[in-house]
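Subject: Structure handover

Hi,

Here is the structure for you to look over. My notes follow below it.

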Amino acid sequence: MKTKAIALLCAVCCLIGMTSVTTALADASPVIRTYSISLDMYAGGFMEAGVSVTCDEQASTVGFTTFVIEELRNGSWVVVASKASNLKSDAYSNYDSLTYTGTPGVSYRARATVKVVYQGTTEWRYPQTASKAARA
């Protein structure tokens, strides 16, 4: 039954022209509520990655220092798109996105380094998506 439900969900995503991979994590942190990273695939090899972090308390710094889309080439991950650091001051959350047009059939993933500074303590998280093939 579970396999049929997953197959149906995949079929629906393909019909609407998009597939998505998202990793969202709750944390045992005193301040980080959640952080997530996603990679949405569209027709023609176009893809969009998103990274977000949400805090329970206002932090002095919230955001990411690394945000990339990587392509699998000969068994190794190679950065094909990246974005400069995005750190907000005195904030509860931060979100950013990154786009890239890849080669249909080739595998891609998104990866980030999330940074939160709260009351002088720095917390780091390293979310990454599962790999996903670009769509034709």
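How many salt bridges does a search of the whole structure find? The search finds 6, where a salt bridge is a side-chain nitrogen of Lys or Arg within 4 Å of a carboxyl oxygen of Asp or Glu.

First, the ground rules. This is a predicted model, so local features need pLDDT of at least 70 and side-chain atom pairs count only at pLDDT 80 or more, while totals for chains, interfaces and linings use all residues. Residues are numbered from 1 along each chain as its sequence is written, and side-chain values use heavy atoms, with hydrogens and water left out.

Overall layout

The protein chain has 1 helix and 8 strands. Both are DSSP runs numbered from the N terminus: helices are H or I with at least four residues, strands are E with at least two. Along the sequence the pattern reads α-β-β-β-β-β-β-β-β. Of the 136 residues, 39% are buried. Buried means under 20% relative accessible area, exposed means over 50%, and partly exposed lies in between (1.4 Å probe, protein chains only). The accessible surface comes to about 7300 Å², and 54% of it belongs to carbon and sulfur atoms. Those areas come from the Shrake-Rupley method with a 1.4 Å probe; for residues, only the protein chains shown count as cover. Take contacts (heavy atoms within 4.5 Å) between residues at least 6 apart in sequence: 59% of them join residues at least 24 apart.

E70 and its partners

E70 sits in strand 3, residues 46-73. E70 is buried, at 4% relative accessible area. Its side chain makes polar contacts with the side chains of R109 (2.6 Å) and R111 (3.0 Å). A polar contact is a pair of N or O atoms within 3.5 Å; within protein, one must be able to donate a hydrogen and the other to accept it, and residues adjacent in sequence count only if both atoms are side-chain atoms. Leaving out residues up to four places away in sequence, E70 also touches others, including W77, V78 and Y108.

R111 forms a salt bridge with E70, with the closest N and O atoms 3.0 Å apart. R111 lies in strand 6 and E70 in strand 3, so the pair ties together parts 41 residues apart in sequence. R111 is partly exposed, at 25% relative accessibility.

Other salt bridges

E71 pairs with R73, closest N and O atoms 2.6 Å apart. E71 is buried at 10%, whereas R73 is partly exposed at 40%. E123 pairs with R125 at 2.8 Å between the closest N and O atoms. Both E123 and R125 are buried. Salt bridges with shared partners join E70, R109 and R111 into one network.

The nonpolar core

A nonpolar core is a set of buried Ala, Val, Leu, Ile, Met, Phe, Trp, Tyr and Cys residues joined through side-chain atoms within 4.5 Å. The largest one has 27 residues; L39, M47, V53, F67, I69, Y108 and V116 touch the most other members. Strands 2 (32-42), 3, 4 (76-83), 5 (86-101) and 6 (107-118) each supply at least two residues. Strand 3 gives the most, with 10.

Strand 6 pairs with strand 7 (residues 121-125) in the antiparallel sense, over 5 bridges. Two strands pair if DSSP finds at least two bridges between them. V116 has E123 as its bridge partner in strand 7. This hairpin has 2 residues between the strands, and Q119 takes a positive phi near 50°.

Best wishes
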